[in-house]
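Here are my notes for anyone opening this one for the first time. Have a look at the picture, then read the points in order.

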Amino acid sequence: MEQQQIGIFGGTFNPVHNGHVLLAQHYINVLGLHNLLVIPAKTPPHKLAPELAGEQLRLQMCRLAFADMPQVQVSDMELRRPGKSFTVDTVHALRQLYPKAQFYLLVGSDMFLSFDRWRQWQEILSQVTLCTAARTQGDLVRLRDYANFLNQYGRTMVYDFPVAEISSTAIRTALKEGKDCSGLLPEKVYRFILQKNLYRGQDEDESRK
């Protein structure tokens with residue numbers, strides 16, 4: 001029986017945008033993934049998130065964004081778990097669910113370059129192949145140098161396929177200013193944001209539900 005190839009794609013997805021969707025499709029193609037698990041974080045341990053939309057809203061936006069990609073499953077496993085979202089806990093939980101799978105952990109270049117500061121990072125590397133993609137050619141050199149260090153403890157993969165330069169922070173700012181973001185967000189997600197009046201700086205309590 002062929003070993004199942006499963007990607008793990010976590011983040012705040014605040015909001016999920018076209019860059020996330022494009023990245024997911026690239027990884028599905030290059031890694032031959034049977035499944036890609038998109039896992040919104042509850043409380044990210046690595047960053048402050050004062051403009052974090054509510055858990056169920058971010059979960060719903062992810063489901064809308066990836067609805068047309070059959071390999072993608074959006075999971076609420078970190079939202080259901082109390083406390084901060086630590087990747088090592090997620091990896092252990094997934095290993096229980098899929099004991100024979102080959103896991104690929106997909107992270108941004110900034111997260112990749114700080115990976116040795118993650119909780120139990122060596123344990124994570126013993127369980128997954130760590131994957132990232134360079135945003136620029138300059139990034140590629142730095143990522144490959146750092147990958148050589150991490151490869152002493154596990155397996156990494158650095159790709160140079162095109163990464164869309166889209167920032168969730170910039171999108172939130174544009175939405176707050178009432179600018180058109182239709183080219184940056186999946187159509188269903190953009191409609192949802194406008195319908196719920198998210199990231200407009202109004203009715204903050206409502207946006208956190």
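1. In which sense do strands S1 and S2 pair, and over how many bridges? S1 (residues 5–11) and S2 run parallel, with six bridges between them; strands count as paired if DSSP finds at least two bridges. Ile8 sits opposite Leu37 in S2. Getting from S1 to S2, the chain passes through helix H1 (residues 18–31), and this β-α-β crossover is right-handed: with the strands pointing away from the viewer, the path from the first strand over the helix to the second runs clockwise.

2. A word on the source: this is a predicted model, where local features need pLDDT of at least 70, side-chain atom pairs count only at pLDDT 80 or more, and totals for chains, interfaces and linings use all residues. Residues are numbered from 1 along each chain as its sequence is written, and side-chain values use heavy atoms, leaving out hydrogens and water.

3. On its other pairing, S2 meets strand S3 (residues 72–74), again in the parallel sense, over three bridges. Val38 stands opposite Val74 there.

4. Now look at the cover on S2 (residues 35–40): six of its six residues are buried, meaning under 20% relative accessible area with a 1.4 Å probe, protein chains only. In a regular strand the side chains alternate between the two faces of the sheet. Here one side carries Asn35, Leu37 and Ile39, the other Leu36, Val38 and Pro40, and all are buried.

5. Stepping back, the protein chain has 10 helices and six strands, which are DSSP runs (H or I, at least four residues; E, at least two). Of its 209 residues, 48% count as buried.

Methods. Buried means under 20% relative accessible area, exposed over 50%, partly exposed in between (1.4 Å probe, protein chains only).
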